[in-house]
Amino acid sequence: MNCCLAVYRHAHLALEGTPWHNDEAFVGVNIGTDVSDMPNPTQVVALLKAQQIRHVRLFDADQAMLLALANTGICVIVSVPNDQLLGIGQSNATAANWVSRNILPHVPATNITAIAIGSEVLTTLPNAAPVLVSAMKFIHSALVAANLDTKIKVSTPHSSFIILDSFPPSQAFFNRSLDPVIVPLLKFLQDTGSYLMLNVYPYYDFMKSNGVIPLDYALFRPLPPNKEAVDSNTLLHYTNVFDAVVDAAYFAMSYLNFTNISILVTESGWPSKGDSSEPDASLDNANSYNSNLIRHVLNNTGTPKHPGIAVSTFIYELYNEDLRPGSVSEKNWGLFYSSGVPVYTMHLTGSGTVLANDTTNQTYCVAKENADKEMVQAALDWACGPGKVDCTPLLQENPCYEPNTVIAHASYAFDAYYHKMGMADGTCNFNGVAKITTSDPSYGSCKYPGSGRRNGTFTNSSSLAPSSGSTASGCHPQYSHGVPTFLSSLIVGLTLWTAASL
């Protein structure tokens, strides 16, 4: 990809013949516009600059947005929307006119690096599949005529679900019914030095696995060696779903004898909110996934099949899109609200300078929602007693009384103790009913101590919070509650190795 050079390290190894031999790993963002109070293009670009985001993907070729991106150096992928695909795929002249109207007026001031022809056409718009490759060729011919083909690549984003039997990755293959399109499409990518655009969503793989895929495996969280997935054919170890899906695509291409086409992940992310049927669409999980994804990409870890090879990725997406149809989760994939306020503040230590809302040291201690409520109550009693935490904000009429649940009250008390103790190791345990999070749990007028906007004062104390080997004592009935019903976290008992597919 002929992109601007940024702050990322080189991938020192490369696929033989790969068009990205000298390119650096990067993380970009998708910019969707199904937002009721969508910021104007100048505001969008201001946010991109403030967050040091150097790569964006647009779902169209909006003229105002392309003008606002001019002279910023930001690398831009523009798109031919699906509703324009049929016309372009059936007429070379229509394609040339599209390039003349949407590309030529903006280069070189706007750093357009690629054109995405449609989005997930093979799975969402099958009637357009027969003209997809023609559309790509016609757009490329127009770029050749304008002497822009070496700067601007042409490809099309695919859903990862065009890949069948994706675990183990070495046995993966493309849906054979798509061969009449896939084979000439891959040949086009190979001949033009372009790359396979792939949308990779471990969230959906996790949701569809019926408990076979562990949540930690989907979120890039560390796994013990005996929990790693092993491809029995290659003996490659997989520690996360993302790598397994990317390698499945590599193996599927090699099955068709294409071994020198790089992969660009055009969409990946995790929703921060869902309804009762999607309990794992949460702020903490979205934070974990995207923070870990960014570190994984920028460390040039590559994949087990191609270690050290950059798998540059665009996060889906910049803003929450409240106008998107469908479930609650569909509207909550954004890193930011339309106001520019982060939906959650990512923990990005060691990620370089991309996404400046780095929350190094901004951590909080909260109660685990699926913890035993009696143990949580005992830990709450200890924190407000021997732990010498100021729990007055939890009393009736005070800002943190509502919601009047043991989990909510304990979370406030745990966080108060954790920060009173300087966030020292072991001070967010409470007999295993507490966890550390990077999402500020403050709400309304209830400001948690870790947010720096305290409701009360701390008392200096050397008391240690109860650990797994100690007993909590003390009774403070003013902080007691009836035990509410909570959605339990997904508990996975099966290992991934029994999975037939991702």
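Colleague: Which helices each supply at least two residues of the lining of the second largest cavity?
Modeller: This is a predicted model, and everything I say is computed from it. The lining of that cavity consists of F242, D243, H296, V297, G302, T303 and V311. F242 and D243 fall in the helix that runs over 241–255, while H296 and V297 fall in the one that runs over 283–298. The helices that each supply at least two lining residues are therefore, with helices taken as DSSP runs, helix 10 and helix 11.

Colleague: How far apart are the end C-alpha atoms of helix 12?
Modeller: Helix 12 covers residues 373–384, and its 12 residues, at 1.5 Å a residue, should span 16 Å. The distance in the model agrees with that expectation, because the end C-alpha atoms are apart by 16 Å.

Colleague: How many of the 12 residues of helix 12 are buried?
Modeller: Buried residues make up 55% of the 502 residues in the chain, and helix 12 is itself mostly covered. Its buried residues include K373, D381 and W382, and what covers the buried residues includes strand 14 (364–367) and helix 13 (406–420). Of the 12 residues in helix 12, the number buried is nine.

Technical notes:
Residues are numbered from 1 along each chain as its sequence is written. This is a predicted model: local features need pLDDT of at least 70, side-chain atom pairs count only at pLDDT 80 or more; totals for chains, interfaces and linings use all residues. Side-chain values use heavy atoms; hydrogens and water are left out. On a 1 Å grid over the protein atoms alone, a cavity is a set of points where a 1.4 Å probe fits but cannot get out, and a pocket is an open set with protein on both sides within 12 Å along at least five of seven lines; lining residues have an atom within 4 Å of a point. Helices (H or I, at least four residues) and strands (E, at least two) are DSSP runs, numbered from the N terminus. Buried means under 20% relative accessible area, exposed over 50%, partly exposed in between (1.4 Å probe, protein chains only). The expected span of a helix is 1.5 Å times one less than its number of residues. Contact means heavy atoms within 4.5 Å.
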